[in-house]
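Visitor: I am new to reading protein models. Could you walk me through one, a question at a time?

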Amino acid sequence: MEHYEDIHHELHHDSALKVNSGVEQPPVVNPYFKRVKKHTLTTDDYFKGIREGNITILSQAITLVESLLPEHYQQAQDIIERCLPYSGNSVRIGITGVPGAGKSTFIEAIGNMVTSLGHKLAVLAIDPSSERSKGSILGDKTRMETLVHNTKTFIRPSPSAGSLGGVARKTRETIILCEAAGFDVIFIETVGVGQSETAVHSMVDLFLLLQIAGAGDELQGIKRGIMEMADMIAINKADSGNEQRAKLAKSHFVNALNLFPMPESGWRPRVYTCSAVEGTGLSEIWNGIEDFLKFTKQNGYYQKNRHSQAKYWMYETINETLRDNFYRNKMVEDNIENYEQLVLADKKSSFIAARELLELYFKSLDK
């Protein structure tokens, strides 16, 4: 031990690596700093900022809508109520597509084209799975480089937490705020599969299905329900050298669509080919969208569809609120696991367990 101390002593004195005493450091926290309480915006501030097209305030209002805190909920609803008379004046377009169809590239290409025509564009996403897969527009934002920097565009990722119903309802409320902020074209991208398409369909004027030309079996793996929802199909990646395959795919889709009954809108869905990378076919798609809107406004379907969507979301919100209220009830929380075990042990039927839990719930409301 003495030997070690001698060596250490020698090193300390003879080494070129002499350690000087350091400069006295100032305190980490500024002693003159006073913590200022963060200013919270009033409903009037939010409304004024949104109407002026202030993107920062619009983003903060959407965060309020997505918040799960009860105190935020009330203010969010007040803001939506104020914005409602200034909403409804945009074109709402749902965009879905098979994996690998080049959705991000397509949205970026057609988005830049739409803003060049003088429109203001908001891009929203519905992705109930993003908490696990991180696959939503969050990732796409990094890929949509030119669109992100486009001053006439607002891109908002999907709220990553919550059920599909909750995410979809919040997206519908976000649409109202975006419209009040002056965005007249809204793209709603669906990232999940299956049910999320149905949710998007219930809040848009036109549903666009994005496809790619495969090896002749494009129709395989596409659910009939999604095909029936589509008002328009765009076959992407019809790049130079791939036009022939895209044309073949187009004829397959046209034939398939002709087998379906005429949609309620009275509009037979059209099929387009395009290349988002080369920028071809995009203006034809946009013209097709305008034709569809003109047609459905003339025959009354456009307004009828919006009314039925508003009614649908009223009932959806009631159902969701009641369900949340039931599961957060103290009586239900204390007993539900016990009932679950009884059902699993075949000591109670699922129906009797459900009925008894509901009875407990209603009794607790009477108290």
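Visitor: Leaving aside neighbours within four places in sequence, which residues is Ala 238 in contact with?
Guide: This is a predicted model, where local features need pLDDT of at least 70, side-chain atom pairs count only at pLDDT 80 or more, and totals for chains, interfaces and linings use all residues. Residues are numbered from 1 along each chain as its sequence is written, and side-chain values use heavy atoms, with hydrogens and water left out. Contact means heavy atoms within 4.5 Å. With neighbours within four places set aside, Ala 238 is in contact with Glu 243, Ala 246, Thr 273, Cys 274 and Ser 275.

Visitor: Is Ala 238 buried or exposed?
Guide: Ala 238 sits in the loop between β6 (232–236) and α12 (243–259). Helices (H or I, at least four residues) and strands (E, at least two) are DSSP runs, numbered from the N terminus. Buried means under 20% relative accessible area, exposed over 50%, and partly exposed in between, using a 1.4 Å probe and protein chains only. Ala 238 has 10% relative accessibility, so it counts as buried.

Visitor: What separates the C-alpha atoms of Ala 238 and Ile 212?
Guide: Along the chain, these two residues are 26 residues apart.

Visitor: How do α2 and α3 lie relative to each other?
Guide: Helix α2 (residues 43–51) and helix α3 (residues 55–66) have axes that come within 8 Å and cross at roughly 130°. Axes are lines fitted to C-alpha atoms, for helices over the stretch in contact, and angles run from 0 to 180 degrees between N-to-C directions. Angles under 35 degrees count as roughly parallel, over 145 as roughly antiparallel, 65 to 115 as roughly perpendicular and the rest as oblique. So α2 is, relative to α3, oblique.

Visitor: Which residues of α2 and α3 make the contact?
Guide: On the α2 side are Asp 45, Tyr 46, Gly 49 and Ile 50. On the α3 side are Ile 57, Leu 58, Gln 60, Ala 61 and Leu 64.

Visitor: How do α9 and α14 lie relative to each other?
Guide: Helix α9 (residues 164–180) and helix α14 (residues 301–328) have axes that come within 11 Å. Those axes cross at roughly 135°. The two helices α9 and α14 are therefore oblique.

Visitor: Which residues meet between α9 and α14?
Guide: From α9 come Gly 165, Gly 166, Ala 168, Arg 169 and Arg 172. From α14 come Gln 309, Ala 310, Trp 313, Thr 317 and Glu 320.

Visitor: What is the phi of Asp 346?
Guide: Most residues other than glycine have a negative phi. Asp 346 is found in the loop between α15 (330–344) and α16 (350–366). At 70% relative accessibility, it counts as exposed. Asp 346 is not a glycine, yet its phi is positive, at about 60°.
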